[in-house]
There are 2 protein chains.
Amino acid sequence: MEDEVDRLVAAWRRERPDLDVEPLEVLSRVSRLARHLDRARRLAFAEHELEPWEFDVLTSLRRAGAPYQLSPGQLLTQTLVTSGTMTNRIDRLTKKGLVERLPDPSDRRGVLVRLTDEGRDRADQALAGLLDQERAILAELSRAQRGELAALLRQLTAPFDNVPG
Amino acid sequence: MEDEVDRLVAAWRRERPDLDVEPLEVLSRVSRLARHLDRARRLAFAEHELEPWEFDVLTSLRRAGAPYQLSPGQLLTQTLVTSGTMTNRIDRLTKKGLVERLPDPSDRRGVLVRLTDEGRDRADQALAGLLDQERAILAELSRAQRGELAALLRQLTAPFDNVPG
DNA sequence: CCCAACTATCTCGACGTCAAGAGACTTCAC
DNA sequence: GTGAAGTCTCTTGACGTCGAGATAGTTGGG
């Protein structure tokens, strides 16, 4: 089956026959698929009355394990947003009762952000919903194909994930 | 080589051993890789003094072929932004002399956005730079692997690209 | 001890996007 | 032809993010 990238590549080959546009076959698909996934996730989370950014923060805390608390700085590095954004997010999640701020007992500059019981439940429910949705999307592929795809993608992500930058 | 998703999946298996988190192996990698690509692209475009959104608009016009003009509405559907955003983008690109607005001769409500000569050159240069960068990222894989990867990704994107929504 | 350098979090202003709707024009059934 | 419905672009206001700087607290060499 043809997709939007096939059309895009065909247009480039017509307009710029001098260029080798083969890289777009892989990387444009990655970007476009990510965009589709963002939209699909937004819908899935909406059923649990969560925004994607809320899910990101709550699940970072959830993955940390009991007692489900991290500093704002640790949350920054996990979610890849800036500090001003994180302050704002924690404020809003606190207002909704999903997290709470505690003073860090070992550093008076610091703060710890802890999941409330409701925050934990909401994160767990939303994760289950997300996985159901993703399984449906991946039903296009066989188990073996999914494994292959994961391995190929890992080869591309590993260099990014294993350098200082 | 291990990547960030391997760590993420391991954390979930520890915290939620009851869930099957296999879908994350594929789709979290897609999302994370897209994020890395966004950053890398921003850097590549900066060498040509272009923002990613500028590249999107200019190359949509470029791909249309001579005389390199489209209506704002056509640009909306290509770039997946809303109309207010597109008005703003066209305004800024006009100020930079990369596109110009022309009245649509066949519909007085309408406008045509046309690439200037400079806009066309900038789009061509930025595309070449982007392809060089993407080739470097894909050098991790053999030609055959790239083909496999493109085919697997097409299977996932095609359903999104070929439905009304 | 003390001070300089460093770290952690929060504050603030600018910016880009979105969503809803207004205004201008076109189309088509009657 | 005329009016209602549809289409196209632009305007507006709210919102979330970023980036730079401010504030408060910590650390370590001398």
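Predicted model: local features only at pLDDT ≥ 70, side-chain atom pairs only at ≥ 80, totals over all residues.
Around DNA strand D there are 20 residues, and the closest of them are A:Arg89, B:Pro72, B:Gly73, B:Ser83 and B:Arg109; to count as near, a residue needs a heavy atom within 4 Å of the strand. Residues are numbered from 1 along each chain as its sequence is written, chains are lettered from A and ligands numbered from 1 in the order written, and side-chain values use heavy atoms, leaving out hydrogens and water.

The side chain of A:Arg89 puts an N or O atom 2.7 Å from a phosphate oxygen, and that of A:Thr85 has one at 2.9 Å. With A:Arg108, a backbone N or O atom sits 3.2 Å from a phosphate oxygen. Two or more residues each come from helix H5 (83–95) of chain A and from helices H4 (72–79) and H5 (83–95) of chain B, helices being DSSP runs (H or I, at least four residues) numbered from the N terminus. H5(A) gives the largest share, five residues.

The chains also meet through helices. H2 (residues 22–46) of chain A packs against H7 (residues 143–161) of chain B at about 35 degrees, with axes 9 Å apart; axes are lines fitted to C-alpha atoms over the stretch in contact, and angles run from 0 to 180 degrees between N-to-C directions.

Technical notes
Polar contact = N/O pair within 3.5 Å; in protein donor to acceptor, adjacent residues only side chain to side chain.
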